[in-house]
Amino acid sequence: MIFFLIFCLPGLAILGYSAKLAAAAHGLTSTGLTANGTIVDHERQTRRRVGQWYCPIVEFFHQGASYRFTDNDDCKQSRHDAPTGSRVEVVFDPAQPSRARVDSFRGLYGTSLLSAAIGLPWLLLGIALVVRVR
């Protein structure tokens, strides 16, 4: 029972979170519209243990209106990896254009895959320990 609580439940919770992220990204890409965006600036973020990251601030136009968003899922370690003025493809919700993301596999599914890669071994280890103890 202790292995179930220590490994299986956290593994299931992490995989559930990963599935939620992947479903949201898939929903956005399947029902959203695409537009060309431009990186207009970077937001510097300090992350514990990994240092400085630069997240692109992207501007795009839809129906004559300008929208800006910071893509926290497509951050780089250097501003030069995604320089200001670069063109990027943007996917957004037409009912809520401010809900937008850079249309890249890493930006849309990277966090989901990373969390699944963490949660799945926890779950499998928990199942193996529970089966072995019985």
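What is the handedness of the disulfide of Cys55 and Cys75? The torsion about its S-S bond is about 95°, so this disulfide is right-handed.

A word on the ground rules before we walk around. This is a predicted model, in which local features need pLDDT of at least 70 and side-chain atom pairs count only at pLDDT 80 or more, while totals for chains, interfaces and linings use all residues. Residues are numbered from 1 along each chain as its sequence is written, and side-chain values use heavy atoms, with hydrogens and water left out.

**The disulfide**

The structure holds one disulfide (a pair of cysteine sulfur atoms within 2.5 Å). The sulfur atoms of Cys55 and Cys75 are 1.9 Å apart. The bond links distant parts of the chain: Cys55 belongs to strand E2 (residues 51-62), and Cys75, 20 residues apart from it, to the loop between E3 and E4. Helices (H or I, at least four residues) and strands (E, at least two) are DSSP runs, numbered from the N terminus. Cys55 is buried at a relative accessible area of 0%, and Cys75 is buried at 3%. Here buried means under 20% relative accessible area, exposed over 50%, and partly exposed in between (1.4 Å probe, protein chains only).

**Asp71 and its surroundings**

Asp71 sits in the loop between strand E3 (65-70) and strand E4 (87-93). Leaving aside neighbours within four places in sequence, Asp71 is in contact (heavy atoms within 4.5 Å) with Cys55, Pro56, Arg101 and Val102. Asp71 is buried yet has no salt bridge, as the nearest side chain of opposite charge, Arg101, is 4.4 Å away. A salt bridge needs a side-chain nitrogen of Lys or Arg within 4 Å of a carboxyl oxygen of Asp or Glu; Lys and Arg count as positive and Asp and Glu as negative, with His and the chain ends not counted. The Asp71 side chain does reach the backbone nitrogen of Asp73, at 3.1 Å.

**Aromatic pairs**

There are five aromatic pairs in the structure. Rings of Phe, Tyr and Trp (its six-membered ring) pair if their centres lie within 6.5 Å; planes under 30 degrees apart count as stacked, over 60 as edge-to-face and the rest as tilted. Here are two of the pairs:

| Pair | Centre distance | Plane angle | Type |
|---|---|---|---|
| Phe60 and Phe69 | 6.1 Å | 70° | edge-to-face |
| Phe105 and Tyr109 | 5.4 Å | 35° | tilted |

Tyr67, in strand E3, is partly exposed at 23% relative accessibility. Phe105 and Tyr109 lie four residues apart in helix H2 (residues 105-133), and Phe105 is exposed at 57%.

Methods: Polar contact = N/O pair within 3.5 Å; in protein donor to acceptor, adjacent residues only side chain to side chain.
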